[in-house]
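Thanks for asking me to look this one over. Here are my notes, point by point, to read with the model open beside you.

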Amino acid sequence: MFLTRRFYIIITVVIFIVAAGYWFPPLFVVGKVLLALFLAAVITETVLLYWRHGITARRTCRERFSNGDDNVVRVHVENSFPYKVRIEVVDEIPFVFQRRDISFKAVVKANNGTTIEYCLQPKERGVYGFGSIRTFATVAGGLVSRRFTTKAAQDVKVYPSYLMLHRYELLAVSNNLQELGIKRIRRIGHNTDFEHIKEYVQGDDYRTINWKASARRHALMVNVYQDERSQNVYNIIDRGRVMQQAFDGMTLLDYAINASLVLSYIAIRKDDKAGLMTFDEKFDTFVPASKQTGQMEILMDCLYGQKTSFGETDYFSLCVHTDKYINRRSLLVLYTNFSDMVSMHRQLSYLQQLSRKHVLLVVFFLDKEQQEFIESPAHGVEDYYRHVIAEKFSYEKRLIVSTLRQNGIYSLLTAPDQLSVNIINKYLELKARQVII
């Protein structure tokens with residue numbers, strides 16, 4: 001049994017009234033009457049709360065959480081008392097979230113229930129453990145509270161962001177992001193294999209309008225051309241120390257894993273084959289490119305356990321195993337991070353070797369905090385020096401893009417939170433330009 005704040009307020013007032021009775025005797029009688037009524041109310045509420053086990057609770061959530069996304073958790077509380085109760089529900093969430101606001105108040109009618117809903121956004125993959133559900137119930141007076149504990153220990157695995165797959169599913173049908181309101185991309189071209197005629201929608205290429213069909217239907221109709229299919233798309237993820245850097249609570253590795261999962265899903269929906277390779281100090285994981293049913297599950301299970309290491313990545317080993325396992329010309333999407341020109345030049349010869357046999361797209365990251373600092377006004381001499389240094393690093397990032405382009409290597413410099421959108425745009429652009437053949 002717990003005594004509420006209201007209990008202490010009322011008993012304090014009664015004590016003052018009784019004490020005042022020593023100076024004004026009638027208040028002593030009033031105080032004794034109030035004290036008797038107060039004790040009777042406390043006993044009554046205690047009996048009402050303890051005569052049966054009237055509160056039950058249960059938690060419902062997905063067996064798998066999506067990393068970096070809002071995951072809904074629901075707690076359903078059932079009141080079997082024949083009268084209304086006020087409740088406060090405290091759910092013991094995994095300690096890694098470090099949240100102290102998972103406490104909710106509600107009023108539940110007699111023989112009725114209520115559902116409480118909240119969201120959790122994990123930033124790391126792994127196993128997260130929930131604890132018990134603790135419900136504190138009071139009746140109308142609110143003087144005493146009873147705690148009902150529901151043993152609800154539950155382990156939830158946090159997987160790479162699979163919720164993002166549904167968010168970008170429309171991209172598998174249309175080669176632009178305009179209809180989703182995210183970003184508009186330019187269609188550079190289309191293949192010559194005619195597929196069918198459809199009604200014009202916003203974002204379609206004007207050059208594909210079929211004027212004869214439009215005249216017959218009295219509406220704009222466009223020709224739809226079939227993309228090249230069954231092309232291999234491999235996501236290659238660097239697990240070295242350069243991917244340890246964090247942005248908005250998530251490491252660059254986690255952003256790369258989420259983006260590679262989305263790109264694999266889009267590639268399979270576009271009838272391409274998706275595969276996976278990871279490496280750090282040695283070559284680690286290889287999943288052959290495929291579009292068979294269950295490929296996404298295989299990729300998700302492989303990506304679930306990936307972790308960064310503090311060692312230098314071995315690009316020589318990557319080249320050796322790429323030649324060994326991948327015989328057909330493929331699109332290789334390499335997720336890594338180059339901090340300056342020196343770090344890029346150390347690996348340039350290996351990147352050139354990969355680009356001779358395959359279409360290589362190097363993805364590395366823009367430091368958003370650095371960009372925001374550059375755009376902020378400078379105050380004082382020291383601040384000007386800091387701006388100059390930050391601009392030098394930013395310039396080197398752009399110089400890396402130019403150097404890779406000069407060597408026939410495609411590149412994508414992107415902010416971590418825009419990676420998934422930008423990588424899909426780049427993939428669709430390369431397909432539209434018929435680069436992946």
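A word on the ground rules. This is a predicted model, in which local features need pLDDT of at least 70, side-chain atom pairs count only at pLDDT 80 or more, and totals for chains, interfaces and linings use all residues. Residues are numbered from 1 along each chain as its sequence is written, and side-chain values use heavy atoms, with hydrogens and water left out.

1. **Helix α5.** Helices here are DSSP runs of H or I with at least four residues, strands are runs of E with at least two, and both are numbered from the N terminus. The 18 residues of α5 should span 26 Å at 1.5 Å a residue, and the end C-alpha atoms are 26 Å apart, which agrees. (The expected span is 1.5 Å times one less than the number of residues.) Of those 18 residues, 17 are buried, so α5 is largely enclosed by the rest of the structure. Buried means under 20% relative accessible area, exposed over 50%, and partly exposed in between, using a 1.4 Å probe and protein chains only.

2. Ile-257 lies in helix α5 and is buried, at 0% relative accessibility. Leaving aside neighbours within four places in sequence, Ile-257 is in contact (heavy atoms within 4.5 Å) with Arg-125, Pro-160, Ile-237, Leu-303 and Gln-306.

3. **The largest nonpolar core.** A nonpolar core is a set of buried Ala, Val, Leu, Ile, Met, Phe, Trp, Tyr and Cys residues joined through side-chain atoms within 4.5 Å. The largest one has 46 residues, of which Ile-237, Leu-331, Val-333, Tyr-335, Val-363, Ile-423 and Tyr-427 touch the most other members. Elements that each supply at least two residues include β14 (232-238), α5 (252-269), β19 (331-335), β20 (359-365) and α11 (419-432). The biggest contribution comes from α5, with 13 residues. In soluble globular proteins, nonpolar side chains tend to be buried together.

4. **Val-333 and the second core.** Beyond its neighbours within four places in sequence, Val-333 is in contact with Tyr-234, Asn-235, Ile-236, Leu-263, Leu-361, Val-363 and Ile-423. There is also a second, separate core of 35 residues, with Val-108, Ile-116, Leu-120 and Leu-143 among them.

5. **Helix α2, inside and out.** The 26 residues of α2 should span 38 Å at 1.5 Å a residue, and its end C-alpha atoms are 38 Å apart, in agreement. Gly-31, Phe-38, Val-42, Glu-45 and Leu-49 of α2 are buried, and the buried residues of this helix pack against α1 (5-20), β9 (133-138) and β10 (144-150). Val-33 also lies in α2, which covers residues 25-50, but Val-33 is partly exposed at 45% relative accessibility. Val-29, Val-30, Val-33, Leu-34 and Leu-37 form a nonpolar surface patch with about 400 Å² of accessible area together. (Such a patch joins Val, Leu, Ile, Met, Phe, Trp and Tyr side chains within 5 Å, from residues with over 30% relative accessible area and no salt bridge; areas come from the Shrake-Rupley method with a 1.4 Å probe.)

6. **Salt bridges.** The structure holds 13 salt bridges, each a side-chain nitrogen of Lys or Arg within 4 Å of a carboxyl oxygen of Asp or Glu. Glu-92 and Arg-134 meet in one of them (2.8 Å, N to O). This pair links distant parts of the chain, 42 residues apart: Glu-92 is in the loop between β5 (85-91) and β6 (103-108), and Arg-134 is in strand β9. Another joins Asp-323 to Lys-357, with the closest N and O atoms 3.4 Å apart. Asp-323 lies in helix α7 (residues 315-325) and Lys-357 in helix α8 (residues 341-357), so the pair ties together parts that are 34 residues apart in sequence. Salt bridges that share partners also join Arg-239, Asp-280 and Asp-284 into one network.

7. **A buried histidine.** His-387 sits in helix α10 (residues 381-406) and is buried, with a relative accessible area of 6%. Apart from neighbours within four places in sequence, His-387 is in contact with Phe-373, Ile-374, Ser-376, Pro-377 and Ala-378.

Definitions and conventions. Patches are made of residues with over 30% relative accessible area and no salt bridge: like charges are joined within 9 Å, nonpolar side chains (Val, Leu, Ile, Met, Phe, Trp, Tyr) within 5 Å.
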